[in-house]
Amino acid sequence: MTTHPGRIAVSGLTKAFGTLRAVDGLDFVVEPGSVTGFLGPNGAGKTTALRMVLGLVTPDAGSVTIGGHPYIDLPAPSDTVGAALDTTGFHPNRSGRNHLRVYCAVNGYPDQRADELLDLVDLTHAGRRPVKGYSLGMRQRLALATALLGDPDALVLDEPANGLDPSGIAWLRTLLRSMADAGKAILISSHVLWEAQQLVDDVVILQDGRLLLHGSLDELTRGYDSLERAFFALTSGGL
């Protein structure tokens, strides 16, 4: 059976830290052409799960494949999956443009790709400025640009709207929607439920490391007037 490029498949994923089981038997799939919202209360295990998807944390049990392969076996990982998990991985004295050009050099992309991505995320005006002078929203845009350098088939984003102003959030929503419509598989964590409702197709909800629900947004919100109300009903045991 042929596996679609970018398809993220999580099966039985489990990770404990001492006596704390941070992720417990997690199963879900992110299909190409869709945006999946990865939701849950603080401490639900979302960040640990995302780090296991990207091979940054070794699971105790279970598996994750992207395009049919574990992250560690991808011949050119940044061509397959782009990730933005935080906004701290920048040298403060390096410009945004130089940051991207370093990643271009490491991964074999032409230097012009850095300028293309600065334009895409609307940072051309700040591309030659040191990152230490960037706002949180600007660092979010730079992190997204870094994730997109290889034009990957899948994206894994942790709270990418954090620090963006309302126009920036609308811009991000439009960009991610267009990428999903072009066939990318997008997994995005968010605490901003009203914004997630306007973007996602499918929903994965965790609580205490366990899967509470994996289904379409329509299925989750049936009988509720918002994703927020459905989420609180589910996480309080009322759905």
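Helix α3 and helix α4 pack against each other in this predicted model. Two packed helices are described by the angle between their axes and the distance between the axes. Here the axes come within 8 Å and cross at roughly 130 degrees. Because angles from 65 to 115 degrees count as roughly perpendicular and those over 145 as roughly antiparallel, α3 is oblique to α4. The crossing of the two helices is right-handed.

| Helix | Residues | Residues in the contact |
|---|---|---|
| α3 | residues 96–107 | R97, L100, R101 and C104 |
| α4 | residues 112–120 | R113, A114, D115, L117 and L118 |

By type, the residues of this contact comprise five nonpolar and four charged, with no polar ones.

Another position to look at is P70. This residue sits in the loop that runs between β4 (61–66) and α2 (77–80). When neighbours within four places in sequence are left aside, P70 is in contact with V64 and T65. From P70 to L117 there are 47 residues along the chain, and the C-alpha atoms of the two are separated by 27 Å. L117 is one of the α4 residues that meet α3.

Conventions
Residues numbered from 1 in each chain as written. Predicted model: local features only at pLDDT ≥ 70, side-chain atom pairs only at ≥ 80, totals over all residues. Heavy atoms only, no water. Axes fitted to C-alpha atoms, helices over the stretch in contact; angles between N-to-C directions. Helix = DSSP H or I, 4+ residues; strand = E, 2+ residues; numbered from the N terminus. Parallel < 35°, antiparallel > 145°, perpendicular 65-115°, else oblique. Left-handed = near helix turned anticlockwise from the far one by under 90°. Contact = heavy atoms within 4.5 Å. Nonpolar A, V, L, I, M, F, W, Y, C, P; charged D, E, K, R; others polar.
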